[in-house]
Amino acid sequence: MSATRPPNRLFRLFAPRASALLLIALCALSPLRASAQVTTVKPEIPLTAAQEKQLEVLLPDLRCLVCQNESLAESRAPLALDLKYEVRNLVAQGKSDAEIKQYLTARYGDFVLFRPPFDPRTWLLWLGPIGLVIIGLLALLWNVRQSRKPKATTTPTVDPAALRKLLDE
Amino acid sequence: MIPELGHFALILALGIALLQTVAPLIGYARRDAKLLAFAGSAAQGQFFCIAVAYVCLTISFVDTDFSVAYVAANAHTDLPLIYRVSAVWGAHEGSLLLWMFMLSGWTFAVSVFNRRLPADLSALVIAILGVISTGLLLFMLLTSNPFERLFPVPLQGRDLNPLLQDFGLAIHPPTLYMGYVGFSVAFAFAVAALITGKLDAAWARWTRPWTTTAWMFLTLGITLGSWWAYNELGWGGWWFWDPVENASFMPWLAGTALIHSLAVTEKRGLLKSWTALLAILTFSLSLLGTFLVRSGVLVSVHAFASDPARGLFILIFMAIVTGSALLLYAWRAPKLVSIGELNLFSREGLLLFNNVFLVVAAAAILVGTLYPLVLDALNLGKISVGPPYFNAVFLPMIAPLFVLVGLGAVVPWKKGKVGETWQRLKLPALAAVAIAIVLPLALHGRATLLAVTGALLGAWTIIAASQDVWRRIRAKRQFITGLTSVPRAVWGMTLAHAGLGVWALGVAFVISYGFEKDVRLAPNASTEIGDFTFGFVGAQEAKGPNFVAQQGEVTIEHGDHSVATLYPQKRFYPSQRNVMTESAVEASLLRDLYVSLGERFDDGSWSLRIYVKPMIRLIWLGGVLMFLGGCLAASDRRYRLAMAADRKAVLDGAQPA
Amino acid sequence: MRFAIPLLVLAVLIGFFAVGLNRDPRTLPSPLIGKAAPAFELPVLEFPKKDGAPPLLTNADFVGKPILVNFFASWCAGCQVEHPFLMRLAQSGQVQIVGVDYKDADADVRQWLGVRGNPYAPILVDLDGRTGIDWGVYGVPETFVVDARGTILHKHIGAMTPEAWEKDIKPLLVKP
């Protein structure tokens, strides 16, 4: 949407740009247009109980590419339904989780995986939190040791007047 | 006319905010009491202007004045009155005005309640809040003016996003912003203390109630957001680790750490520079959240339409505000010396552990949230970091916190004794273990690792937290005098900690024992999920004030008796040509039954999504308990009495202890 | 020194954000670039309509010269936006544009092209969207640049624009 008020030079500083709508949860709202998409009737794929379980665990880890903040388990976007069907089909064929993820990443890249793969790019992502815990605990111990050292060199009270003078300079 | 008045009030507020910043700083440098005293008046004048602007926008909405572009984009003549009022903060421009309204309100409160503080500290705090106001007002006036006129005037507005037409959403942003913005007061206190170089126990005591108040609002805001998402998004979930949720959760974690480190600084005079840093970080994370949500740098379910100019503005603003605060910190913090020995096994030692885990958890969420952006910026490809990552990283990281909560309630300041602690905690520990085994089996007949762990940590937290209050009551001869002798701060802490335990129980049970199923049902067909039979009667048309709906009827039976009949809807809002699912929930403390209506098939059957969510209410109940705990703690009379005493001590020229 | 660490962290973050502001987090690079185009076998949508079963075409039918493969649909808004440019591009004879009609009803697309003109030669029909999945399509319109040997050189997401054509695609076709 665009504001069509003519630009006023004097108040240009205060003139706004185009205002915008809140795009909240775009995908929970389906625009009617999408319904014009053709949905082909596909045969039901029966799964064994173990396969149902596999699917149930796998789908939340896969990201919908249309509604990018939903998983395939949640999403009702047409592409998500298609992909869910393909994944179901692969499960029925006895494919492993790794093979199914390979099928998807070959087409859409690592973006489809809500659980990023562990590779050199993501070492920091997966190991970082452990590193952070270690750093945090070390810092804590260091602090405790510091507090036990006698503080001969530091002045215990800071003279406010002196600081103020310092600041004024 | 009214929109122009609002616009003018905003410009005036900008002028006042500039004065509010500059005058006290000059006053501080020159030690000019008059200029220092001007801070309070400026803060009150600014609040008045913003209030006028806010009322003007509200009037424009109530009158559906479509000559205002923002109103035309977010209102409709059919929109019910309550949502016209809440539509003010329904999109970017208005929500900024709400932010600003809250900020000036907090500043106003500071100017009123800080009268007892040393004049220079009080004025500096207001000046720093003035910096933030100036930045936000510039942002609004330059890039996001809510009073922008639209010509030609449309006959009809484009209506409020239907997802926002919900009571939960009407009150969620104001509470959330109260929290975000409230942390700016703690930030201002920290920066002011870095400037004056005086960060002591009295400073911590002044800062605490402000921080607690901001924290309790943020807690409530997040809780409401979670509840709203559960009701409105139709996914049956309560937390999705979406960037926008993370953006609110990181300041919450940092703010929680801040509340606890402030306690250490107040009681023991320790962790001074750390507390100052936490105060800066907590508000900076709020700003970061604003940037992430409004700039479009991350994929989020709940992003405002992105505009690079806006993103750039917030980025520069953040760089200036946080950057200068951290620069000041790097320069002045080495001079903040904490004196006193720190023992690991003491209350302050345990609180330090609490801080490590909370801050590291916040940092880990930050890493996960920003990792895709960083990889993309380095041209290393696009990845997603989603719920599986966050759950795997976050849950183990906060588990130790629960153990700490129980210990912290009994271990004294300075130095604790292991034997004594064990004496006092062995019964609670035993009780928690018993509950952890019995509760999952009694309610669901099978135990999972997560359910047992959650019940163990939850029960332990609740029992250990309550026993302190119990002991205080028992110490008095009469129950009632005992009850009233417990200070509000202790009640507050206990309630908040118990809330944490309640939350853990809810989380563990809903993950362990929840069911969900996508089914396709023809009218009069039924399906079984868990112990329940869901029967689909059929669907028919229903009409609302500004929508038409397909309304399903679903009966739920448990064994032979009927539990409930639910009416999930699929709504069509003609004004925005949008379809929205309105799920139906039969709620109770022990389990929710949740049905949302999907698509209709050609043969007359419907796809339905059905969830059984055990104890999901406890998650929000926990949040509400934490909020109430915060209310009690922030209103403890100790702060009010102490303020007067401190003021007197300062006037007498003594160092407040 | 350790008191300056937070400032350094902030500086690094600001740097990343500044870069991030200029990128769209929703557009995905295709992992297929530099690889052979995924195999397909699709019926031709004859326009105007002819009698008899439409022929099936596969990758082999397009080897020999570079082509643009444009996934489109009559229900898609972005496709309306790019359509006039595709018409001009087709008429200029600079490149052959192969259209893949994605999850669309025959009658709808015939009417759509009838009103607007047909830039495609030929139009293939991907009724159930499986070819789209194989090509990693996640939202029409998407346009692939495929070279004479059937290798995908580039993918453009969203409506095709003259700028994108001049800057990203034309140079690829000129190269030997």
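**Close-up 1. F17(C) and its neighbours in chain B.** In this predicted model, F17(C) reaches across to chain B, where its contacts are L288(B), F291(B), L292(B), V297(B), L315(B), M318(B), L370(B) and L373(B), leaving aside residues up to four places away in sequence.

**Close-up 2. The largest nonpolar core.** Here we step back to the core as a whole, which counts 207 residues. Two of them, W203(B) and F17(C), touch the most other members. Helix 12 of chain B (residues 347-377) supplies the largest share of this core, with 18 residues.

**Close-up 3. Where domain 2 meets domain 3 in chain B.** The domain assignment divides chain B into domain 1 (1-160), domain 2 (170-413) and domain 3 (515-617). The C-alpha centres of domains 2 and 3 of chain B are 38 Å apart. At their meeting point, eight residues of domain 2 are in contact with 13 residues of domain 3. About 830 Å² is buried between these two domains of chain B, and carbon and sulfur atoms give 40% of that area. On the domain 2 side, look for Y230(B), E232(B) and G234(B): these lose the most area to domain 3, together 56% of what that side buries. The number of salt bridges between the two domains is zero.

**Close-up 4. Confidence along chain B.** The average pLDDT of chain B is 90, and 96% of its residues score at least 70. Please read residues 653-657 of chain B with care: their pLDDT is below 50. Beyond near neighbours in sequence, this stretch has seven contacts in the model.

How values were computed: Residues numbered from 1 in each chain as written. Chains lettered and ligands numbered in written order. Predicted model: local features only at pLDDT ≥ 70, side-chain atom pairs only at ≥ 80, totals over all residues. Heavy atoms only, no water. Core = buried A, V, L, I, M, F, W, Y, C linked by side-chain atoms within 4.5 Å. Buried < 20%, exposed > 50% of the residue type's maximum accessible area, 1.4 Å probe, protein only. Helix = DSSP H or I, 4+ residues; strand = E, 2+ residues; numbered from the N terminus. Contact = heavy atoms within 4.5 Å. pLDDT = per-residue confidence, 0-100. Domains from an automatic or database assignment. Buried area = accessible area lost by both parts, 1.4 Å probe. Salt bridge = Lys/Arg side-chain N within 4 Å of Asp/Glu carboxyl O.
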